[in-house]
Amino acid sequence: MTIQCFGEFRLCLDGRDQSGVINSGKIEELLAYLLLQDGKYVNKKRVAAALWPQLETERGMDNLYKNIKKLQRLCADNLPLQLEVIPEKLRLDLENVESDIIIFEKLCGSKRQADLQQALKLYQGQLFEWNNYEWCEIETGYYDWLFLSIRSKLYA
């Protein structure tokens, strides 16, 4: 499975766009949030606070549990993703996931000009550009900065 994070958020399986199987903006946002955690476990309360900052903890957690169940069903039925849920935490297993953001970060650490040029090609717009997720403003700024830094190195 490949996941595009720069520009339009998109899920592809065997080259076919599967984004349409996610029929909820919050499920897509939950998936995006977990993807940015780089396969690490994250506290459920932290996730609920990020995705529903306007709600009290209990209501946010209720929403999170409902969306975890929906995402688990989607993973079981349509998406080859593995969501691991334990009492206080959850994570997205990235073993079988290829993502532009993961590749971009690896390429940015290279000194080879060809790798840096490939990183520039991966950057198809800001992180989750069409979604305006408030919780990822810092990450968006970071990836914008990386992109501009590489571009200035290559074309200075």
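Which loop holds D38? D38 lies in the loop between α1 (25-35) and β4 (42-43).

## Basis of the description

This is a predicted model, in which local features need pLDDT of at least 70 and side-chain atom pairs count only at pLDDT 80 or more, while totals for chains, interfaces and linings use all residues. Residues are numbered from 1 along each chain as its sequence is written, and side-chain values use heavy atoms, with hydrogens and water left out.

Helices (H or I, at least four residues) and strands (E, at least two) are DSSP runs, numbered from the N terminus. Two strands are said to pair if DSSP finds at least two bridges between them.

## The open sheet

An open sheet is formed by 4 strands in the order β3-β2-β1-β7, with mixed pairing. Its edge strands are β3 (16-17) and β7 (98-99), each of which pairs on one side only.

Strand β1 (residues 2-4) pairs with strand β2 (residues 10-13) in the antiparallel sense over 3 bridges. I3 has L11 of β2 as its bridge partner, and Q4 stands opposite R10 in β2. The two strands β1 and β2 form a hairpin with 5 residues between them; in its turn, G7 has a positive phi of about 80 degrees.

On its other pairing, β2 meets β3 in the antiparallel sense over 2 bridges. The bridge partner of L13 in β3 is R16. Here too a hairpin is formed, with 2 residues between β2 and β3, and D14 in the turn has a positive phi of about 55 degrees.

## Strands β4, β5 and β6

Strand β6 (residues 89-93) pairs with β4 in the antiparallel sense over 2 bridges, and N43 has K89 of β6 as its bridge partner. β5 and β6 also run antiparallel and are joined by 4 bridges. In this pairing Q82 stands opposite D93 in β6, and a hairpin joins β5 to β6 through 3 residues.

Strand β6 is mostly covered, as 4 of its 5 residues are buried. Buried means under 20% relative accessible area, exposed over 50%, and partly exposed in between (1.4 Å probe, protein chains only).

## Loop residues

D38 is partly exposed because its relative accessible area is 47%. N132 lies in the loop between α5 (113-122) and α6 (137-155); N132 counts as exposed because its relative accessibility is 65%.

P80 is placed in the loop between α3 and β5 (82-85). With a relative accessible area of 40%, P80 is partly exposed. P80 and N96 are 16 residues apart in sequence and 8.0 Å apart in space, C-alpha to C-alpha.

## A patch of positive charge

R59, K66, K69, K70 and R73 gather in a patch of positive charge on the surface. Such a patch is made of residues with over 30% relative accessible area and no salt bridge, with like charges joined within 9 Å. A salt bridge is a side-chain nitrogen of Lys or Arg within 4 Å of a carboxyl oxygen of Asp or Glu. Lys and Arg count as positive and Asp and Glu as negative, with His and the chain ends not counted; the place of a charge is NZ of Lys, CZ of Arg, CG of Asp or CD of Glu.

K66 counts as exposed because its relative accessibility is 51%.

Note on methods: Patches are made of residues with over 30% relative accessible area and no salt bridge: like charges are joined within 9 Å, nonpolar side chains (Val, Leu, Ile, Met, Phe, Trp, Tyr) within 5 Å. Accessible areas come from the Shrake-Rupley method with a 1.4 Å probe; for residues, only the protein chains shown count as cover.
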